[in-house]
Amino acid sequence: MNGRYRLALATTGLALALLGTWLLGQLHPYREIVERGPTPQARANPYLAAELFLRRQGLEVRHASGLEALATPAGRTQTLLLLGDREHMTPHQAERVLDWTAAGGHLVFVAERLWDEKTGRSGDLLLDGLGIQQHLSAALAIGEPRNRDRRRDGLARFYQQNEKTPAYLAFDNAFHLYDSRHRAYAWANSGEATHLLQVHHGQGNATVLTDAWIWENAEIGDHDHAWLLWYLSRDSRVTLVYRVAGDGLATLLLRHFPAALLALALLAGGLLWRAGLRQGPPLPAAGPARRQLEEHLRAGADFLHRRCGQAGLLQGLQQDIQRCAGRRAPHFADLSEDAQWQLLARLARLPAGHVARLMRPPDKALPAADFTRQVADLQRLRNAL
């Protein structure tokens, strides 16, 4: 029995070993790359790759949501990259940016408006301030490209001084830049248009582009886009502004109506002072001579008159009279109203009409003299009971 058991066990083990060997021969290792798409930071910031690239080159880079971080250039060169929307830029902000550039900064921005021949301006405050115009390439007869490399006919070429090989950039060929003041010292042309111009402005420089999508996350690695970004920002501190918002209402009011705001603040302060609680000097303590029973009674009566009114005081006296009559005549509460008044007149030895007038609730507020007289008559009726 033990021999059969051992034989079966050995046969089962051999079969499992052969099966495992066959399964291992069927397994083939492979590598699979799962594309999860851009990170949330990259989706929120289209120029995140450009920012990280510049930092990797050893440049000091910061990004801002507006022009509040703009400081006057001093010492080391500063580069301002205006890559976002400037639709709401105000003339004051544009003047500030151009003054900053004239003081020695390097301004890099994207042309946003086309030149209007009728008005003689584009409406882009920075373009008009620098004398640069943007046109549609289709409306200009620039001619065929001279580059024989047909694979690069649609790319712009940016030449450096003393360099024979240009940098190739994939700008949008639909737009063309024109320097109306003839101050440009460097440019990038494709076979169809000019896409980059560099001009001197005061002690600084300005670089104008037809579009900045070449530096977005998905495009900065193509052609020489990253090199151009480094070339424009080299040896400087870089500030990236993704959106330029217009001045808020408070800023505009403070800039244009400071006197009106000061007058309004003074008026508001005066109204608050007028409506506020003001504390005067403390009143002296009352002397013992004033603390008489008559004074306390008068004060209590004034308090009850303010709190309950005439009707409440008269009703209190009338109920007190009815309680006194109930003690004199136990069946008083069971009588009718007229019978009660007759009984009160007999007990107090007063005319029934006079008692009825005193015990009847007043129809309206009484003058002070009539109210005092009725209170005195009710007190005499109560004393008579």
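This is a predicted model: local features need pLDDT of at least 70, side-chain atom pairs count only at pLDDT 80 or more; totals for chains, interfaces and linings use all residues.

Visitor: Which strands form a hairpin, and how many residues are between them?

Guide: Residues are numbered from 1 along each chain as its sequence is written, and side-chain values use heavy atoms, with hydrogens and water left out. Helices (H or I, at least four residues) and strands (E, at least two) are DSSP runs, numbered from the N terminus. Here β8 and β9 form the hairpin, with four residues between them.

Visitor: In which sense do β8 and β9 run, and how many bridges join them?

Guide: Two strands pair if DSSP finds at least two bridges between them. Strand β8 (residues 184-189) also pairs with strand β5 (residues 156-158), in the antiparallel sense and over two bridges. Between β8 and β9 (residues 194-201) there are five bridges, and these strands run antiparallel. Asn189 takes part on both sides: Arg157 is bridged to Asn189 in β8, and Asn189 stands opposite Thr194 in β9.

Visitor: Is Thr101 buried or exposed?

Guide: Buried means under 20% relative accessible area, exposed over 50%, and partly exposed in between (1.4 Å probe, protein chains only). Thr101, in helix α4 (residues 91-102), has 1% relative accessibility and therefore counts as buried.

Visitor: With which residues is Thr101 in contact, leaving aside its neighbours within four places in sequence?

Guide: Contact means heavy atoms within 4.5 Å. On that basis, Thr101 touches Leu107, His201, Gln203, Gly204 and Asn205.

Visitor: How far apart are Gln318 and Pro361 in sequence and in space?

Guide: The separation is 43 residues in sequence and 9.1 Å in space, C-alpha to C-alpha. Gln318 belongs to helix α9 (residues 293-328) and is buried, at 9% relative accessibility. Beyond its neighbours within four places in sequence, Gln318 has contacts that include Pro361 and Leu378.

Visitor: Which residues form a nonpolar patch on the surface?

Guide: Patch residues have over 30% relative accessible area and no salt bridge; like charges are joined within 9 Å, and nonpolar side chains (Val, Leu, Ile, Met, Phe, Trp, Tyr) within 5 Å. A salt bridge is a side-chain nitrogen of Lys or Arg within 4 Å of a carboxyl oxygen of Asp or Glu. Here the patch consists of Leu253, Leu254, Phe257, Leu261, Leu264, Leu267 and Leu271, with about 680 Å² of accessible area together (Shrake-Rupley method, 1.4 Å probe; for residues, only the protein chains shown count as cover). Helix α8 gives the most, with four residues. Leu253, in helix α7, is partly exposed at 31%.
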